[in-house]
Protein chains: 2
Amino acid sequence: MPDENCIFCKIIAGEIPSTRVFEDENCVAFNDLHPQAPAHILIIPRLHIDSLDKARFEDKETVGHLLLTAAEIARESGFAENGYRVVINTNSDGGQTVFHLHIHLLGGREFVFPPG
Amino acid sequence: MPDENCIFCKIIAGEIPSTRVFEDENCVAFNDLHPQAPAHILIIPRLHIDSLDKARFEDKETVGHLLLTAAEIARESGFAENGYRVVINTNSDGGQTVFHLHIHLLGGREFVFPPG
């Protein structure tokens, strides 16, 4: 069920515009509005899940699908070979600002450690 | 098949010591030797996969399991509610140094953006 207060559910529904780079029956991927790298894409499940902390055992394939989709987008975008970073922020310390599970896919530059 | 040159395969086999915090039939989790946060745990599949880029469609459940295991470890370690960051580095730009797929679970402090 979409959450009517969730901006990512509204992006999925097309009620808020976004630049989609990929979509399938399970997920939608679009450019981050505040990119932190030459490529900065968010991959979100169509199913509303608040956060990684709220994902359940039965969401295992869905969350796995998000990661494999990130890898596929990196290959299709041409930066997989050079490399990329995938990040999931959970709750306040993690820096999560939108409570609809999302994967940050960042590429096109070198990333340092620690990761924030 | 374990890769005989892979230090993470050796950690799984117990040939290289590590401080394990969790293990099951699919994965092993242990403390990072160079922690970047009060909690810094690596979660790796028992199956050798070079990187997220080399994961295949049939690895979907395995990679999903790694993420759900990270979330479970965060809850059991007591920092899930405050929050945490999950990071996967792929290839050179991403900062990948060991070529056995691994998830960094970082908690116990606030993480800034960009993530490296």
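This is a predicted model: local features need pLDDT of at least 70, side-chain atom pairs count only at pLDDT 80 or more; totals for chains, interfaces and linings use all residues.
Trainee: Which three residues supply 17% of the area that chain B buries against chain A?
Mentor: Start with the whole interface. The two chains bury about 3900 Å² between them, and 58% of that is on carbon and sulfur atoms. On chain B's part, three residues give more than any other three. They are B:Lys60, B:Leu68 and B:Asp93.

Trainee: How many residue pairs are in polar contact across the interface of chain B and chain A?
Mentor: Count pairs with both residues at pLDDT 80 or more. Across this interface, the rule then finds 26.

Trainee: Which residue meets A:Arg75 in a salt bridge?
Mentor: Side chains of opposite charge can pair when their charged atoms come close. The rule finds 2 salt bridges across the interface of chain B and chain A. For A:Arg75, the N to O distance is 2.9 Å, which is within the 4 Å cut-off. The partner is B:Asp53.

Trainee: In what sense do S4 of chain A and S4(B) pair?
Mentor: Strand S4 of chain A covers residues 84–90. It joins S4(B) over 7 bridges. In one place, A:Arg85 stands opposite B:Asn89. The sense of the pairing is antiparallel.

Trainee: Which strands are the edge strands of the open sheet?
Mentor: The sheet has 10 strands, in the order S1(A)-S2(A)-S3(A)-S5(A)-S4(A)-S4(B)-S5(B)-S3(B)-S2(B)-S1(B). Its twist averages 20° from one strand to the next. An edge strand pairs on one side only. That picks out S1 (20–23) of chain A and S1 (20–23) of chain B.

Trainee: Which residue is the bridge partner of B:Glu23 in S2(B)?
Mentor: S1(B) and S2(B) run antiparallel, joined by 3 bridges. A hairpin of 3 residues connects the two strands. In chain A, A:Glu23 stands opposite A:Val28. In chain B, the partner of B:Glu23 is B:Val28.

Trainee: At about what angle does H2(B) run to S3(B)?
Mentor: H2(B) lies across S1, S2, S3, S4 and S5 of chain B, together with S4 of chain A. Helix H2 of chain A lies across S1 to S5 of chain A, together with S4 of chain B, and runs at about 155° to S3(A). For H2(B) against S3(B), the angle is about 155°.

Trainee: How many residues apart are A:Arg46 and A:Glu23?
Mentor: Over all chains, the count of salt bridges comes to 8. A:Arg46 and A:Glu23 form one, at 2.9 Å, N to O. A:Arg46 sits in the loop between S3 and H2 of chain A, and A:Glu23 in strand S1. The pair links distant parts of the chain, with a separation of 23 residues.

Definitions and conventions. Residues are numbered from 1 along each chain as its sequence is written. Chains are lettered from A and ligands numbered from 1 in the order in which they are written. Side-chain values use heavy atoms; hydrogens and water are left out. Buried area is the accessible area (1.4 Å probe) that two parts lose on being put together, summed over both. A salt bridge is a side-chain nitrogen of Lys or Arg within 4 Å of a carboxyl oxygen of Asp or Glu. A polar contact is a pair of N or O atoms within 3.5 Å; within protein, one must be able to donate a hydrogen and the other to accept it, and residues adjacent in sequence count only if both atoms are side-chain atoms. Two strands pair if DSSP finds at least two bridges between them. Helices (H or I, at least four residues) and strands (E, at least two) are DSSP runs, numbered from the N terminus. Axes are lines fitted to C-alpha atoms, for helices over the stretch in contact, and angles run from 0 to 180 degrees between N-to-C directions. Contact means heavy atoms within 4.5 Å.
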